[in-house]
Amino acid sequence: MKPTIVDWNHYTLKAAGGRALAYLTHAKAGVGPFAEAKGKTDEAALEALQAELTNREAERPRDHGRKIQTPTQSEFEWAIEALDFSDPVDGMLRALALAGREGISAGELAEVAGYSDYSAANLQLGLAAAEIGKLLGLRVKNETQETDSVAATFLIADEGPKKAETGNWTWIPRPELVAAMDIKQKKPAA
């Protein structure tokens with residue numbers, strides 16, 4: 001039986017035998033299904049799956065000030081698993097999550113990642129956030145491609161207060177990212 005394959009939003013949907021699976025279209029190879037649904041027919045299973053995915057996306061947290069949706073904890077978990085980040089970027093994501101409500105400056109993130117200055121850290125963190133956004137169908141639009149990547153950081157963090165000792169503002173991680181990174185950090189090493 002040949003499966004039905006449908007591109008829908010940022011998902012690739014596959015259905016066969018009344019069972020439909022959703023894969024994140026931009027995920028690396030080998031990442032399992034993101035969601036599944038069943039129906040009496042393949043078409044019914046696809047409709048049920050599309051409804052489930054639409055409901056999931058409606059439950060995303062909102063940053064009302066920026067008029068954007070941000071990923072849920074489970075979406076962050078999937079994105080972290082589905083994307084291959086470099087060691088410096090992975091280190092920055094971990095440091096950001098560990099910073100909690102206190103936040104972390106771009107300069108401190110640069111130190112963690114081994115970058116020479118904060119602008120490189122901001123750019124790389126923004127590019128990683130943009131990848132997460134692309135994977136999940138979320139986007140923050142700004143004036144230029146460079147500011148798009150920095151603006152995408154708002155998908156994973158919010159602007160925090162300035163550090164008293166340096167005057168540099170901080171990134172406060174989204175609570176859903178913190179929870180997702182905690183789960184990732186607790187998994188045993190392979």
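Q: Is W171 buried or exposed?
A: In this predicted model, W171 is buried, with a relative accessible area of 1%. The cut-off for buried is under 20%, so W171 falls in that class.

Q: And W169, what does that count as?
A: W169 has 31% relative accessibility, so it counts as partly exposed.

Q: How many aromatic pairs are there in the whole structure?
A: A search finds 5. One of them is F154 with W171, an edge-to-face pair at 5.2 Å centre to centre and 65 degrees between the planes.

Q: Where do F154 and W171 sit in the chain?
A: F154 is in the loop between α6 (145–152) and β8 (157–162), and W171 is in strand β9 (residues 169–173). They are 17 residues apart, and the pair links distant parts of the chain. Both F154 and W171 are buried.

Q: Why is the pair of W169 and W171 edge-to-face?
A: The ring planes of W169 and W171 are at 70 degrees, with the centres 4.7 Å apart, so the pair is edge-to-face. The angle cut-off for that class is over 60 degrees.

Q: What lies over the face of F154?
A: R66 does, at 3.6 Å from the ring centre. Likewise, R56 lies over the face of F34, at 5.0 Å from the ring centre. F34 also belongs to an aromatic cluster with W8, Y11 and W78.

Q: Changing topic, how many helices and strands are in the protein chain?
A: There are 7 helices and 9 strands.

Q: What share of the residues count as buried?
A: Of the 190 residues in the protein chain, 43% do.

Methods:
Residues numbered from 1 in each chain as written. Predicted model: local features only at pLDDT ≥ 70, side-chain atom pairs only at ≥ 80, totals over all residues. Heavy atoms only, no water. Helix = DSSP H or I, 4+ residues; strand = E, 2+ residues; numbered from the N terminus. Buried < 20%, exposed > 50% of the residue type's maximum accessible area, 1.4 Å probe, protein only. Phe/Tyr/Trp six-rings, centres within 6.5 Å; stacked < 30°, edge-to-face > 60°. Lys NZ or Arg CZ within 6 Å of the ring centre and 35° of its normal.
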